Amino acid sequence: MSQLYDLTEVAQQNGKNGKPCWLIIKGNVYDVTKFLNEHPGGNDVLLEYGGKDASKAFKQAGHSSDAEKDLKNYKIGEINPAAPPIQVQPTALPAKSPTENPISGDPQPAKKSSGGFLCCC
Ligand code: HEM
């Protein structure tokens with residue numbers, strides 16, 4: 001079975017500061033570090049997508065079928081489908097409604113000034 005990587009793990013291998021340069025193309029992870037200076041399209045385009053999903057860019061560059069075949073030489077694994085991108089944790093929300101008066105438990109806002117604005121003190 002193929003090695004599975006999380007998106008966060010791939011994102012760190014962005015080719016900067018001497019780090020390896022990994023790309024994602026159609027759910028597969030490629031290590032193009034050794035290919036940077038051999039790529040006919042230049043190393044800058046590969047570095048631009050270091051640690052990111054380059055599926056669209058790879059397709060839009062109009063690569064030949066030879067280039068498609070070449071991909072397998074750099075494949076190191078696949079994106080882990082069980083690890084979705086960063087999610088908002090609903091548990092971080094306060095238990096009580098923010099409009100609820102925390103002292104009295106009254107479902108109305110705590111204080112209101114006569115002008116209808118919320119009091120800041
Ligand atoms: C592992 C990933 C990649 C491989 C193996 C690869 C391989 C190749 C190969 C073999 C060529 C020569 C032309 C051809 O046969 O199609 C080429 C050209 C090119 N590649 Fe890539 N490529 C990769 C990723 C990318 C990415 C992410 C971009 C982003 C835009 C890109 C942009 C280009 C461009 C613009 C050319 C055309 C260069 C020219 O004709 O002057 N490539 N690539």
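Author: Helices (H or I, at least four residues) and strands (E, at least two) are DSSP runs, numbered from the N terminus. Two strands pair if DSSP finds at least two bridges between them. The structure above is a predicted model, in which local features need pLDDT of at least 70, side-chain atom pairs count only at pLDDT 80 or more, and totals for chains, interfaces and linings use all residues. Residues are numbered from 1 along each chain as its sequence is written.

Reader: How many helices and strands does the protein have?

Author: The secondary structure comes to 4 helices and 4 strands. Read from the N terminus on, the elements follow the pattern β-α-β-β-α-α-α-β.

Reader: In what order do the strands lie in the sheet?

Author: The 4 strands form an open sheet with the order β1-β4-β3-β2, and the pairing is mixed. At the edges are β1 (4-5) and β2, each of which pairs on one side only.

Reader: In which sense do β2 and β3 pair?

Author: Strand β2 (residues 22-25) and strand β3 (residues 28-31) pair in the antiparallel sense, with 4 bridges between them. Then take Ile-25, whose bridge partner in β3 is Asn-28. The hairpin of β2 and β3 has 2 residues between the strands.

Reader: How many bridges join β3 to β4?

Author: Strand β3 is joined to strand β4 (residues 75-79) by 3 bridges, and these two strands run antiparallel. In this pairing, Tyr-30 has Lys-75 of β4 opposite.

Reader: Why does Asn-17 count as exposed?

Author: A residue is buried if 20 or more other C-beta atoms lie within 10 Å of its own, exposed if 12 or fewer, and partly exposed in between, with C-beta atoms placed from the backbone. Asn-17 counts as exposed because 5 C-beta neighbours lie inside 10 Å. Lys-26 counts as exposed because its C-beta neighbours inside 10 Å number 12.

Reader: Which residues cover the faces of β2?

Author: On one side of β2 are Trp-22 and Ile-24, and on the other are Leu-23 and Ile-25; all of these are buried, and both faces of the strand are covered. Of the 121 residues of the protein, 15% count as buried.

Reader: Which residues are the closest to the ligand?

Author: A residue is near a molecule if its C-beta atom, placed from the backbone, lies within 6 Å of it. The ligand is surrounded by 20 residues, and the closest are Gly-41, Ala-57, Ala-61, Ser-64 and Ala-67.

Reader: Which helices each supply at least two residues of the shell around the ligand?

Author: They are α2 (43-48), α3 (55-60) and α4 (65-70). The largest share of the shell, 3 residues, comes from α4.
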